[in-house]
Amino acid sequence: MATRRKKKHQSSTADRITALPLDLRARIVSYLSFCEVVQLSALSRSWRHIHHHVPVVDLNLGEFVAFKKHIINVKLAIPGIVDDHRLLGIRVALALRARDGIGSKVETLRLAYSAGDPRVKRHADRLISLTDAPKICLDVSFAAVDRLPKRLNWKVDLPPAARHLKIRSLDFRMPTSTIAGPGAAALRKLYLHEVTLREWPRLPSLRSLRMSMVTVTTAFTPGATCPMLEQLAFWDSTIKHPCVDIRLPHLKSLDMDDVRIELPSAGDFLFPYGDVTVDAPELEELMVICSTGCSVEYKSFTLRAPAMRYLQWFGQFAELVHIDVGKPGSVTRGTIQFTSNGELEEMSYREMKDYRAQMMQMLHGLLPHLPPLTVADTAQPYITSKTRTVMDEDLKEMIPEETLTCDLGRLMARDV
């Protein structure tokens, strides 16, 4: 008897998820890929139509290409065989769901595919048009672009409901016309990865732009084509133009992490180059980070941000820094920090005296009410200098390293 009761208890525990309401079960399994959700429909009668109710449809069309190491289509020189039958089945299921109201409405479509394969792109375009979702996130790869005929059109046609777009590629040269369709005018979030940007896309409703490992070969002027931006972040990216002009009236957050401004042609890439101008009346947070310690130096960095409250500045050197934050004490949180190995001739780091001079320039802008000669004395109690030895991976020896840090939070909270 005890054994039978134990088995009954185990069975009840195992079936606890099935006992949940359908909409709750659908939301739980929406963390799975759509193909895995379809497989759940064979579990039992209670799960038979679960794929008609998941709020998130997550598809990676690369999973529908077999024998990727073998070139099957000689004309296009694209390896692999596309499982058109399975993809057609998914298209039919989504079409019935949208047309006949079977199940619930799709809230989010996440679709990853290679636009370099026209066989797959054909299915992707159809899936996008069939799914009337308010949020569409596309992970588009152009890795096969160099093997394909030039006649192919590399547009991503966004439906009206599209709000989020991600484009990742292998050094794809992205023209403005890449982002098109009725959804382009309503796009809110854009993420670019490993893209060469030759001209800025015209996205009048864009609110958030993130770029990773992007090369910009034109003037860096996002405000001309994306005037509504509120968040702008670019990491490990290169700008091959002397003009970095960020004039955005609605920008609230700006993150520049390892952003190199380099000469378009060959030359000394460490030579100070490029004038950065940030004019953003609503900017609240600014982060400028040079994590390598020897990134390209800027000729100048000019900032006008009367609403700014938070500043993080690590390592990036500029020959001239001008900061205008309106009234004194507006920036209440943040850190300015520099690290130098200037004693070593082999290193490309600046000497600490150069970094200290830049820190004073920045503090003059943050404390405009103080006479210039008194800024250093006022800030000194909140500036720390530490020296230590660290292992250099290239030289294979211990080297001296000095760090200079100003705690802006404590400085601005002092009693004047």
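This is a predicted model: local features need pLDDT of at least 70, side-chain atom pairs count only at pLDDT 80 or more; totals for chains, interfaces and linings use all residues.
Visitor: How many helices and strands does the chain have?
Guide: Helices (H or I, at least four residues) and strands (E, at least two) are DSSP runs, numbered from the N terminus. By that count, the chain has eight helices and 22 strands.

Visitor: Which strands make up the open sheet of four strands, and in what order?
Guide: Two strands pair if DSSP finds at least two bridges between them. β13 and β15 (residues 275–279) run parallel and are joined by five bridges, while β15 and β17 also pair in the parallel sense over five bridges. β17 (residues 298–304) pairs with β19 in the parallel sense over six bridges. The order is therefore β13-β15-β17-β19.

Visitor: Which strands are the edge strands of this sheet?
Guide: An edge strand here pairs on one side only. The two that do so are β13 (243–247) and β19.

Visitor: Which residue stands opposite Val278?
Guide: Elsewhere in the sheet, Cys243 stands opposite Asp275 in β15, and Tyr298 stands opposite Ala318 in β19. For Val278, the residue opposite lies in β17 and is Leu303.

Visitor: What kind of aromatic pair do Trp200 and Phe220 form?
Guide: Rings of Phe, Tyr and Trp (its six-membered ring) pair if their centres lie within 6.5 Å; planes under 30 degrees apart count as stacked, over 60 as edge-to-face and the rest as tilted. By this rule the chain has five aromatic pairs. In the pair of Trp200 and Phe220, the centres are 5.0 Å apart and the planes stand at 90°, which makes the pair edge-to-face.

Visitor: Where do Trp200 and Phe220 lie in the chain?
Guide: The two residues are buried and stand 20 residues apart, linking distant parts of the chain. Trp200 is in the loop between β9 (189–197) and β10 (208–212), and Phe220 is in the loop between β11 (215–216) and β12 (231–239).

Visitor: Why is the pair of Phe317 and Tyr355 said to tie together separate parts of the sequence?
Guide: Their ring centres are 6.0 Å apart with planes at 70°, so this pair is edge-to-face. Both residues are buried. Phe317 lies in the loop between β18 (310–314) and β19 (318–324) and Tyr355 in helix α6 (residues 352–366), so the parts tied together are 38 residues apart in sequence.

Visitor: Is Lys135 buried, exposed or partly exposed?
Guide: Lys135 is found in strand β5 (residues 135–141). Leaving aside neighbours within four places in sequence, Lys135 is in contact (heavy atoms within 4.5 Å) with Glu107, Thr108, Leu109, Ala161 and His164. Because its relative accessibility is 29%, Lys135 counts as partly exposed.

Note on methods:
Residues are numbered from 1 along each chain as its sequence is written. Side-chain values use heavy atoms; hydrogens and water are left out. Buried means under 20% relative accessible area, exposed over 50%, partly exposed in between (1.4 Å probe, protein chains only).
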